[in-house]
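Please open the model in your viewer and keep the sequence panel beside it.

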Amino acid sequence: MSPRPVREIDSWTIARHASAIGRIRLLEIEDPKEPVRFYRVENLAGQWLGYIDDSGRVYKYEPFEQREKFCGVYPMQEGVAHLFDDGQAVEIVGSPGTAAANARKKADQKER
């Protein structure tokens, strides 16, 4: 295990009732085998609430726990709402799914 570079590919605002409540950041770990992409969900203070992988698996960070908690598989918007703990719907300004697909296409084109 060695440190690997991580870069931000894109980010979106999470809103509720037209007010921002957090951010989603699409991050990529530069792994020698293949890049690893995931969506980190943060509140407005920049605290990490959890992350969502490309398969829709949602993981929540728990205070004082060494490992994140697996919460289930959800569509992006529901998974993000789940990480905020209050069950209220959220709006994602932009489209993370589209950006991830575009990032994958760009990476595939570079390899060719």
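A salt bridge here is a side-chain nitrogen of Lys or Arg within 4 Å of a carboxyl oxygen of Asp or Glu. The model is a predicted one, in which local features need pLDDT of at least 70 and side-chain atom pairs count only at pLDDT 80 or more, whereas totals for chains, interfaces and linings use all residues. Residues are numbered from 1 along each chain as its sequence is written, and side-chain values use heavy atoms, with hydrogens and water left out.

**The whole chain**

Begin with a cartoon view, where the protein shows two helices and seven strands, arranged from the N terminus on as β-β-β-β-β-β-α-β-α. These elements are DSSP runs numbered from the N terminus, with helices being H or I over at least four residues and strands being E over at least two. Of the 112 residues, 38% count as buried, a class that means under 20% relative accessible area, with exposed being over 50% and partly exposed in between (1.4 Å probe, protein chains only). Switching to a surface, the protein exposes about 7500 Å², of which carbon and sulfur atoms supply 49%; the areas come from the Shrake-Rupley method with a 1.4 Å probe, and for residues only the protein chains shown count as cover.

Select β1 (6–16) together with β2 (residues 19–29), which pair in the antiparallel sense over ten bridges; two strands are said to pair if DSSP finds at least two bridges between them. In this pairing the bridge partner of Arg7 is Glu28 in β2. His17 is exposed, with a relative accessible area of 73%, and although His17 and Val90 are 73 residues apart in sequence, their C-alpha atoms are 8.2 Å apart in space.

**The nonpolar cores**

Which residues touch the most other members of the largest nonpolar core? Select Ile14, Ile24, Val41, Ile52 and Val80, which hold that place among its 18 residues; such a core is a set of buried Ala, Val, Leu, Ile, Met, Phe, Trp, Tyr and Cys residues joined through side-chain atoms within 4.5 Å. At least two residues of this core come from each of β1, β2, β3, β4 (48–53) and α1, and the largest share, four residues, is supplied by α1. Centre the view on Val80, which, leaving aside its neighbours within four places in sequence, is in contact (heavy atoms within 4.5 Å) with Ile14, Ile24, Val41, Ile52, Val90 and Ile92. A second, separate core has five residues, including Leu27, Ile29, Phe38 and Tyr51.

**Helix α1 and the residue after it**

Select residues 76–83, helix α1, in which Met76, Gly79, Val80, Ala81 and Leu83 are buried. Just after α1 comes Asp85, which takes a positive phi of about 70° and is exposed, with a relative accessible area of 58%. The side chain of Asp85 meets that of Lys60 in a salt bridge (2.3 Å, N to O). At 10% relative accessibility, Lys60 counts as buried.

**The other salt bridges**

How many salt bridges does the model hold by this rule? The count comes to ten. Show Arg25 and Glu42, whose side chains meet in a salt bridge (3.0 Å, N to O), linking β2 to strand β3 (residues 36–43) across 17 residues. Arg25 is buried at 17% relative accessible area, and Glu42 is likewise buried, at 4%. Next show Asp53 and Arg57, which meet in a salt bridge (2.5 Å, N to O); Asp53 is buried at 12% relative accessibility, whereas Arg57 is partly exposed at 36%. Finish by selecting Arg7, Glu28, Glu30 and Arg37, which are linked in a network of salt bridges.
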